[in-house]
Each structure stands twice: as structure tokens, then as C-alpha cells.
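The tour moves by selection, one stop at a time.

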Amino acid sequence: MPTYTREYKDLDLDFTANPITGDVAKVKNATSIKRGIRNILLTENQERLFQPEIGSGLKNLLFEPMTDITTQLLEEEVRNAIESWEGRAQILECIVTPEEEYNRYRVAVTFRIVSQLEEQRLEVFLSRER
């Protein structure tokens, strides 16, 4: 009985060259989805020219005081952004931890690729930028 697993591919945005063909290298599956999630979380709404709806509202929340309410709002925004724009990932857990001494938040997302059973984990640090 054949089993089918879907493979996801993206261009390597570091623009490293494929050693054989000289073309831009590709990233696959978990790496591709992790980079997609990171890009969504770090992109502000209205930032992309021809796709202004893609992104998250995380940057606005980073300038709020570091309270439990802000942490909860950040967690909800992370979940909403990933569920809205990254259809390849199913979120299992999202933990936002404030790190006051570094003036940043640690976002740990555990997800499963839709066509696979293995769990993946991604950590992103969110800090204020002007």
C-alpha cells in the first residue's frame, strides 16, 4: 500500500548557490516552514507591497508594558498569524515568555507539518525596534 507525503520546497533566502548547478539553493520541509513562520511573525501588516494583508500585528504590542496581558495578547496574535497565513503548519503549542532583563520576548512554537507526524519546534525572539 503506497503512502504519500507531501514535500514542501522554497528558495533559500540566504541566496547560497547550489554547488552543482550554480542556481539558488532550495530548502525543504521543516526548514521551509520554519522560515515561513519566522517571516510571517516578523512582517508587519501593510509592509508587503502587493500583499499588504500578510503579516502580524506583533510590533505594535512590543511597545506595550511587559505584563501578563501583553504576553497573552502576543500569544494570541502569534497563533492567529500562523493559522491565517501558514497553512502547511498545525500549531500544537505556543509559549510566549517575557525576558525583562533583555527587553524582549521569547516565542516558542511547536507545530506539526500537515502531511507528517513529527513535531517541529521554532524559537523566535521579539524585541522593540525603532
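**The helix pair**

Select H1 and H3 first: H1 passes H3 in a right-handed crossing. Right-handed here means that the near helix is turned clockwise from the far one by less than a right angle, and left-handed that it is turned anticlockwise. The contact is made by Ile-37, Ile-40 and Leu-41 on H1, and by Val-78, Ala-81, Ile-82 and Trp-85 on H3. Contact means heavy atoms within 4.5 Å. Sorted by type, the residues of this contact of H1 with H3 are 7 nonpolar, no polar and no charged. In that sorting Ala, Val, Leu, Ile, Met, Phe, Trp, Tyr, Cys and Pro are nonpolar, Asp, Glu, Lys and Arg are charged, and the others, Gly among them, are polar.

Two packed helices are described by the angle between their axes and the distance between the axes. For H1 and helix H3 (residues 68-85), the axes come within 10 Å and cross at roughly 125°. The axes are lines fitted to C-alpha atoms, for helices over the stretch in contact, with angles from 0 to 180 degrees between N-to-C directions. H1 and H3 are therefore oblique to each other. Under 35 degrees counts as roughly parallel, over 145 as roughly antiparallel, 65 to 115 as roughly perpendicular, and the rest as oblique.

**What the model is**

This is a predicted model, in which local features need pLDDT of at least 70 and side-chain atom pairs count only at pLDDT 80 or more, while totals for chains, interfaces and linings use all residues. Residues are numbered from 1 along each chain as its sequence is written, and side-chain values use heavy atoms, with hydrogens and water left out.

**Zoom out to the chain**

Show the whole protein chain as a cartoon: there are 3 helices and 5 strands. From the N terminus on, the order is β-β-α-α-α-β-β-β. Helices (H or I, at least four residues) and strands (E, at least two) are DSSP runs, numbered from the N terminus. The C-alpha atoms fill a box of roughly 50 × 35 × 30 Å along the principal axes.

Switch to a surface. The chain exposes about 8,700 Å², and carbon and sulfur atoms supply 49% of that area. Accessible areas come from the Shrake-Rupley method with a 1.4 Å probe, and for residues only the protein chains shown count as cover. Of the 130 residues, 35% count as buried. Buried means under 20% relative accessible area, exposed over 50%, and partly exposed in between (1.4 Å probe, protein chains only). Among contacts between residues at least 6 apart in sequence, 38% join residues at least 24 apart.

**Along H3**

Select Thr-71, which lies in helix H3. Thr-71 is buried, at 11% relative accessibility. Not counting residues up to four places away in sequence, Thr-71 touches Val-96, Pro-98 and Tyr-105.

Next take Glu-77, also found in helix H3. Glu-77 is partly exposed, with a relative accessible area of 24%. With residues up to four places away in sequence set aside, Glu-77 touches Ser-56, Gly-57, Leu-58 and Leu-61. A C-alpha to C-alpha distance from Glu-77 to Thr-97 gives 14 Å, for residues 20 apart in sequence.

Go on to Ala-81 of helix H3. Is Ala-81 buried or exposed? At 3% relative accessibility, Ala-81 counts as buried. Residues up to four places away in sequence not counted, Ala-81 touches Ile-40, Leu-41, Gly-55, Ser-56 and Glu-86.

Select Ser-32 in helix H1. Ser-32 is buried, with a relative accessible area of 1%. Leaving aside neighbours within four places in sequence, Ser-32 is in contact with Tyr-8, Lys-9, Asp-10, Val-27 and Arg-88.

Follow the chain to Gln-46, in the loop between helix H1 (29-42) and helix H2 (58-61). Its phi is near 75°, a positive value in a residue other than glycine. Gln-46 is exposed, with a relative accessible area of 62%.

Glu-53 is found in the loop between H1 and H2. Glu-53 is partly exposed, at a relative accessible area of 45%. Apart from neighbours within four places in sequence, Glu-53 is in contact with Asn-45 and Trp-85.

**Last stop: a strand loop**

Select Asn-103, in the loop between strand S3 (89-99) and strand S4 (104-113). Phi of Asn-103 is near 60°, a positive value in a residue other than glycine. Asn-103 counts as partly exposed, at 35% relative accessibility.
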